[in-house]
Amino acid sequence: MDIKDLEIYRAVVNHKNVTKAALELNYVQSNVTSRLAKLEKEVGASLLIRTNRGVLLTTAGERFLEYADKMLQLHREVVDSLSNSDTPSGQLTIGATDITTAARLPAVLTAFLESFPLVEFSLVNGSSEDLVQDVLKFNIDGAFITDTIDQPKITQEPLIKEELVLISNQEHPQVHTLKDLKNNTILVFRPGCTYRRKLEAWVQEEGVVVRKVEFGTIEGMIGCVKAGLGVALVSKLIAQQLNTDNKLKFHSVPEEYRFVTTVFIRRHDIPMTNALQKFIETTKQCFIES
């Protein structure tokens with residue numbers, strides 16, 4: 001089975017579109033189509049259905065996708081292992097939430113890439129829920145998420161406990177309880193974010209009515225908090241880092257909602273490459289020093 005055919009298959013599945021997959025891989029569309037047909041003939045089953053809305057997986061295609069991901073991952077490990085067993089090299093793709101990226105990863109990435117320049121590093125941002133799925137689907141080698149999970153296919157290692165604070169602009173009255181926010185606005189990340197889940201649980205517990213506004217980046221959220229749009233629950237560390245103009249006011253959070261744990265996850269059934277092992281070691285060292 002040709003590894004290039006598996007890469008084409010994965011690209012088509014990712015994009016749900018043959019044309020976009022061909023552009024990503026720098027192939028002509030007819031070549032992608034013919035190699036998909038060759039792959040289907042080789043496995044003896046129809047893997048994809050072409051529709052007006054794009055490409056969909058058949059039941060056989062769903063089953064084959066997991067095997068294809070495993071074979072692609074193993075191919076990467078073989079190449080990485082044999083190219084230079086002593087010096088980390090090859091591709092390494094790590095996922096992280098926006099807040100972890102902003103607060104914790106700059107020091108980690110600087111130290112890692114300076115020490116291991118042969119590694120081709122990629123960073124993927126997403127919610128904790130999305131990153132878990134990316135790890136399970138072999139899309140990334142590992143990820144930083146907030147809080148531990150119950151998933152038997154994943155190895156997880158708690159790294160550091162983060163304190164959360166409720167932030168507002170300086171003109172906002174002191175928040176002693178969420179009832180002080182009645183008919184106010186809370187700023188949240190998209191569904192799947194642990195911080196959002198904690199804030200929503202807190203709101204529900206106190207039985208208050210609030211309006212939600214979703215954000216995609218921590219910088220945009222904090223900028224709107226400073227402008228008086230509403231309040232948000234964020235990492236105390238990142239709030240302090242982005243409060244150089246002293247426009248934020250910090251409010252205490254009840255004990256049950258005050259902390260999250262940054263956890264590194266990876267699939268337990270995939271051996272660690274040298275690059276991933278060195279990345280985890282670098283991360284632990286930087287987290288200890290922070």
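Modeller: Leucine 187 stands opposite alanine 232 in strand 9. This is a predicted model, where local features need pLDDT of at least 70, side-chain atom pairs count only at pLDDT 80 or more, and totals for chains, interfaces and linings use all residues. Residues are numbered from 1 along each chain as its sequence is written, and side-chain values use heavy atoms, without hydrogens and water.

Biologist: What makes residues 231-235 a strand?

Modeller: Strands are DSSP runs of E, at least two residues, numbered from the N terminus; helices are runs of H or I, at least four. Residues 231-235 form strand 9.

Biologist: How do you know that strand 7 and strand 9 pair?

Modeller: Pairing takes at least two DSSP bridges between the strands. Strand 7 (residues 185-189) has 2 bridges to strand 9, so they pair, running parallel.

Biologist: And what joins strand 6 to strand 9?

Modeller: 4 bridges, with strand 6 (residues 154-169) running antiparallel to strand 9. Valine 165 stands opposite valine 234 there.

Biologist: Why is aspartate 147 called partly exposed?

Modeller: Buried means under 20% relative accessible area, exposed over 50%, partly exposed in between (1.4 Å probe, protein chains only). Aspartate 147 has 23%, so it is partly exposed. Aspartate 147 sits in the loop between strand 5 (142-146) and strand 6. Its phi is positive, about 85 degrees, although it is not a glycine.

Biologist: Why does asparagine 246 count as exposed?

Modeller: Its relative accessibility is 54%, so asparagine 246 counts as exposed. Asparagine 246 also has a positive phi, about 60 degrees.
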